[in-house]
Amino acid sequence: MSKDFAGRGKVAILRTSPQTVLEDYACLMDLAGVREALPQDRETILKINTSWQTWYPGCSTAPWQLEGVILALRNAGYENLIAGHNDTVVVDAHVAERNNKHKFIADEYGIRNVHLFEPQYPWARYEPPEPFLVLDKVYPEGVYIPEFLIGRNIVQLPTVKTHVFTTITGAMKNAFGGLLGRRRHWTHADIHETLVDLLVIQQDIHPGLFAVMDGTFAGDGPGPRAMRWHEKDILLASADQVAIDAMSAHLQGFDPLAIPFIRIAHERGLGVGDPQEIEIVGEDPDWVMAQDWGFVQEDTFASRGQKLIYHGPLKPFEGLLLRSPLVPWSYFASNFYHNVYWYPFVGRERVQSALRTKWGRMFVDYGAEAGLRGAVMPGMQRKTVITAAAGLAAIASAVLASVWLLRHARRRS
């Protein structure tokens, strides 16, 4: 794929409503030049964003986003569509596709559903066309990617939201899960350069690239999960992943070129990251450029701990904590924070409030005819609670044993 690709520097943006959203997606993608961006003689992967196995507004690909893109592509003559999912150490993708109603839509339209982490999909060593920024240093034994992705078009399906590590997350970050395996957390210390390396890979292996971003619900604060949701009623699409991420950042109130992954990609000519150089189609460009939602990037307790390891005083112990048999502690910490503490005590009330909005009611009704009416709102996960209790008991036992040994030693002396 040439750096001078069709749709470079152009972003389509439209305001929408539940009554028109499916038709708006078709119009949006047409404005962004989907036919020029994606060769019709290739299969097209719809890369679903799954940030949580629980439905949370603005967190993962919206069901109307997936359905709207399927309908738009079918109407444009694309028949060979594939729903693509990646693995993650903190989210069960099979549970997530049910709770977020992705599986229902894929089945409804009869499209192939692929989980890239399953054993029938082999991974191959990738040799870059030009030197990596960081990936070869993170993975000196070689960078491996799913063979299934090679030679197929891809449409990234992110949402408009913030991220604890990258300020915002969008099209470029959506490739993170699909292209890298379970050790992708090794890249977090150099996450911005990693996203640029991944864009280079995408532009090399995919004959066509496109991104469709949903901002019906948008999230600010400590994304991609523990966010404050906002109804923003907006959709974005582009063949330029740098440009669409830049416009998402601008809408949220961030300077795109102050976000390293956007700036580096812009400087390397992989797309256009300066809003002043981006062609906005659909909505009035003056209206778009006047938007500033005032979103902020924040940390969770878990991400603050991770940043101490990646960039703080615990950096010398990064290998021990995150690249050794001790690594499951970090997965557990994230799972415990989000699913045992945050969702039951903070998130649940926010979800209940979101379900009373126009988009929340639309989510409730999705799949109602198939018995899927409503939203799954889990309580504390039993397995996680049991594991936490066992862990705390082990720590308490170790502390008590240490105190006993110390006192016993003092008595003997």
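Predicted model: local features only at pLDDT ≥ 70, side-chain atom pairs only at ≥ 80, totals over all residues.
**Exercise 1. The partners of strand E1**

Task: Determine which strands pair with E1, and in which sense each pairing runs.

Solution: Begin with strand E1, which covers residues 10-15, and follow its pairing with strand E12, residues 279-282, which is parallel and has 4 bridges. Within this pairing, Lys10 has Glu279 of E12 as its bridge partner. Then turn to strand E11, residues 228-238, which pairs with E1 in the antiparallel sense, again over 4 bridges. Here the residue of E11 that stands opposite Ile13 is Leu236.

**Exercise 2. The surroundings of Val69**

Task: Locate Val69 in the secondary structure, judge whether Val69 is buried or exposed, and list the residues it touches beyond four places in sequence.

Solution: Val69 belongs to helix H3, which spans residues 63-75. Because its relative accessibility is 0%, Val69 counts as buried. Once residues up to four places away in sequence are set aside, Val69 touches Met29, Leu46, Val155, Leu157 and Val212. For one of these, Leu157, the separation along the chain is 88 residues, while the C-alpha atoms of Val69 and Leu157 are 9.0 Å apart.

**Exercise 3. The surroundings of His250**

Task: Work out which backbone atom lies 3.4 Å from a polar atom of the side chain of His250, and whether His250 is buried or exposed.

Solution: First place His250 in helix H9, residues 241-252. Its relative accessibility is 13%, and His250 therefore counts as buried. A polar atom of its side chain lies 3.4 Å from the backbone oxygen of Val288. Beyond its neighbours within four places in sequence, His250 is in contact with Val288 and also with Pro256, Met289, Ala290 and Gln291.

**Exercise 4. The chain as a whole**

Task: State how many helices and strands the chain has, and what share of its residues count as buried.

Solution: The chain has 16 helices and 12 strands, and of its 413 residues, 57% count as buried.

Technical notes: Residues numbered from 1 in each chain as written. Heavy atoms only, no water. Pairing = 2+ DSSP bridges. Helix = DSSP H or I, 4+ residues; strand = E, 2+ residues; numbered from the N terminus. Buried < 20%, exposed > 50% of the residue type's maximum accessible area, 1.4 Å probe, protein only. Contact = heavy atoms within 4.5 Å. Polar contact = N/O pair within 3.5 Å; in protein donor to acceptor, adjacent residues only side chain to side chain.
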